[in-house]
Every structure is written in C-alpha cells, then in structure tokens.
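Keep the sequence and the view side by side.

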Amino acid sequence: MSVPEFLAVYPISGETEALPVNALGPAIGYYVHVLGFSLIARDDTTATLRRDQVTIGLALSEQDPEAVSCYFSVRNIEALRDEYVRKGIDPTEIRLDTHNGKNFRVFFAKEPYGVCFCFGEPA
C-alpha cells in the first residue's frame, strides 16, 4: 500500500494557521504522535506543525474548537484512514461527496480537542 501524502489544507470554518486549543502541550503531542505532523516552531501560545506539503498552526484560544473545521487534500486516502485506525482514531467510512461539481472520496475525524477534519482526494 502506498504511503499517504498531505497535499494542501483549506479552512472550512476558522483559520488553519490558528486552530484553537486550550492546552498547547497535549495538543502538540496529539498532532505529532497521532496525526503524524512534525513540530516546526513553538512559543508560549502558538505552535506550527507540518506534514508533507501542509503547514498548520495551533493557538491557545478561548474560541470553541468545535466551531472550527478544515479540509485536507491528500493522496492515498485509504492508507491514511488505515493509519489513523491503527493509531486509535475512529474515522468515518470513506464516502463519495461532490463539491463544485467534482467528486471526492472523503472521510471525517474529530480530534479530542474538538476540531473536525475532512480528508479527501479526487474520485
């Protein structure tokens, strides 16, 4: 099976450069050890993470994380879903969605801090 690759990130709601968290350390741990990102930079209130071609940010915030979501464009969606299942994430099944007249294979997962992710690739 091919290795999954993150190609791009797009906000659905909120900002991908400042995904809200209420505790930076545990959130960084989750994003690194479970979601497969690498820590690029960190200060007292923010962190920058990267996986493949995608860079995201975390920020200490009182904003409700459940009001934030983003879409990750990926290659090899089955391999990514399998990776996350092995790491204990409970992603949805892969389904077919249409956006702007184009079909995408997608699945959803929610991180324990509340942010919802959609992962997809063209069908």
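Strands β3 and β4 pair in the antiparallel sense, over 4 bridges. Look for Arg-42: its bridge partner in β4 is Ala-47. Two strands count as paired if DSSP finds at least two bridges between them. Strands of a sheet pair through backbone hydrogen bonds, either parallel or antiparallel.

A word on the source. This is a predicted model: local features need pLDDT of at least 70, side-chain atom pairs count only at pLDDT 80 or more, and totals for chains, interfaces and linings use all residues. Residues are numbered from 1 along each chain as its sequence is written, and side-chain values use heavy atoms, with hydrogens and water left out.

Now move along the sheet. Strand β4 (residues 46–51) is also joined to β5, by 6 bridges, and the two run antiparallel. Thr-46 stands opposite Ala-59 in β5. β4 and β5 form a hairpin, with 2 residues between them. In that turn, Asp-52 has a positive phi of about 55 degrees.

Strand β5 has another pairing. Strand β2 (residues 19–21) and β5 pair in the parallel sense, over 3 bridges. Here Val-21 stands opposite Leu-60.

What is the order of the strands in this open sheet? It has 4 strands in the order β2-β5-β4-β3, with mixed pairing. β2 and β3 (38–42) stand at the edges with a single partner strand each, so one side of each is left without a neighbour in the sheet. On average, neighbouring strands are turned by 30 degrees against each other, direction ignored. For such angles, axes are lines fitted to C-alpha atoms (for helices over the stretch in contact), and angles run from 0 to 180 degrees between N-to-C directions.

How enclosed is strand β5? Of its 7 residues (54–60), 5 are buried, so β5 is largely enclosed by the rest of the structure. Buried means under 20% relative accessible area, exposed means over 50%, and partly exposed lies in between (1.4 Å probe, protein chains only).

Next come the charged side chains. A salt bridge is a side-chain nitrogen of Lys or Arg within 4 Å of a carboxyl oxygen of Asp or Glu. By this rule the count comes to 9.

Start with Arg-51 and Glu-83, whose side chains meet in a salt bridge (3.0 Å, N to O). Arg-51 lies in strand β4 and Glu-83 in helix α2 (residues 77–86), so the pair ties together parts 32 residues apart in sequence. Both residues are buried. Arg-51 and Glu-83 also belong to a network of salt bridges with Asp-52 and Lys-87. Asp-52 is the turn residue of the β4–β5 hairpin.

Lys-110 forms a salt bridge with Glu-66, the closest N and O atoms being 3.5 Å apart. Lys-110 lies in strand β8 (residues 102–110) and Glu-66 in the loop between β5 and β6 (69–75), so this pair ties together parts 44 residues apart in sequence. Lys-110 is partly exposed, at 47% relative accessibility. Glu-66 is exposed, at 54%.

A further salt bridge joins the side chains of Glu-93 and Arg-81 (3.2 Å, N to O). Glu-93 lies in the loop between α2 and β7 (95–99) and Arg-81 in helix α2, so the linked parts are 12 residues apart in sequence. Glu-93 is exposed, at 59% relative accessibility, whereas Arg-81 is buried, at 13%.
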